[in-house]
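Hi everyone, thanks for coming. Let me put the structure up on the screen, and then we can walk through a few parts of it together.

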Amino acid sequence: MSESKAGTKTESRAVALATSHLEAWSNHDLDTVRGNLASDVQFYSPAANLVGIDEYMDAPRGLTQFAKQVVPGSLRVIAAMGDERNALIMYEVSTEGGPIGAKVFPSAQTWLLDDNGKIKVERIVLTRFRGECAAA
């Protein structure tokens, strides 16, 4: 496990998976995203609470709907920390078109991995949208 200049643990198993998960969906690699998920994955955000891979990916407020608006290569990780099962990452992506329009979309999320190293729980804990902050 490595440490950043601030002494925060950044290269745990959970941080590595969550970061690669962010990279996959922000670059529209949805097959990789599906492979990262536990079958009973739970997703919580101000916009939706989703359970199971199909809802997580394909619900009206699921990841696929958001990810297709993200500019590939726009992911910027601001901070990350975690341990073997838990990760907290602050990041931003740029969006284009669609209901969100062209914006920089910052977010802070937590991830919990199951015993098999798959994403069991993903929670958006803070997001900023149209100049307002929303906490989940």
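Find methionine 81 for me: its bridge partner is leucine 88 in strand E4. Keep in mind that this is a predicted model. That pair belongs to two antiparallel strands, E3 (residues 76–82) and E4 (residues 86–95), joined by six bridges. To get from E3 to E4, the chain passes through a hairpin of three residues.

Now look at what else E4 pairs with. Ten bridges join E4 to strand E5 (residues 103–113), again antiparallel. Within this pairing, valine 93 has phenylalanine 105 of E5 as its bridge partner.

Stay on valine 93 for a moment. Which residues touch the most other members of the largest nonpolar core? They are Trp25, Tyr56 and Val93, in a core of 32 residues. Several elements give two or more residues to this core, including helix H1 (13–26), strand E1 (37–44), E4 and E5. The most comes from H1, with seven residues. As background, nonpolar side chains in soluble globular proteins tend to be buried together.

And what does valine 93 touch, leaving out residues up to four places away in sequence? Among its contacts are Trp25, Phe66, Leu75 and Phe105.

One last stop: histidine 28, in the loop between H1 and helix H2 (30–36). Its phi is near 65°, a positive value in a residue other than glycine. Most residues other than glycine have a negative phi.

Key. Residues are numbered from 1 along each chain as its sequence is written. This is a predicted model: local features need pLDDT of at least 70, side-chain atom pairs count only at pLDDT 80 or more; totals for chains, interfaces and linings use all residues. Side-chain values use heavy atoms; hydrogens and water are left out. Two strands pair if DSSP finds at least two bridges between them. Helices (H or I, at least four residues) and strands (E, at least two) are DSSP runs, numbered from the N terminus. A nonpolar core is a set of buried Ala, Val, Leu, Ile, Met, Phe, Trp, Tyr and Cys residues joined through side-chain atoms within 4.5 Å. Buried means under 20% relative accessible area, exposed over 50%, partly exposed in between (1.4 Å probe, protein chains only). Contact means heavy atoms within 4.5 Å.
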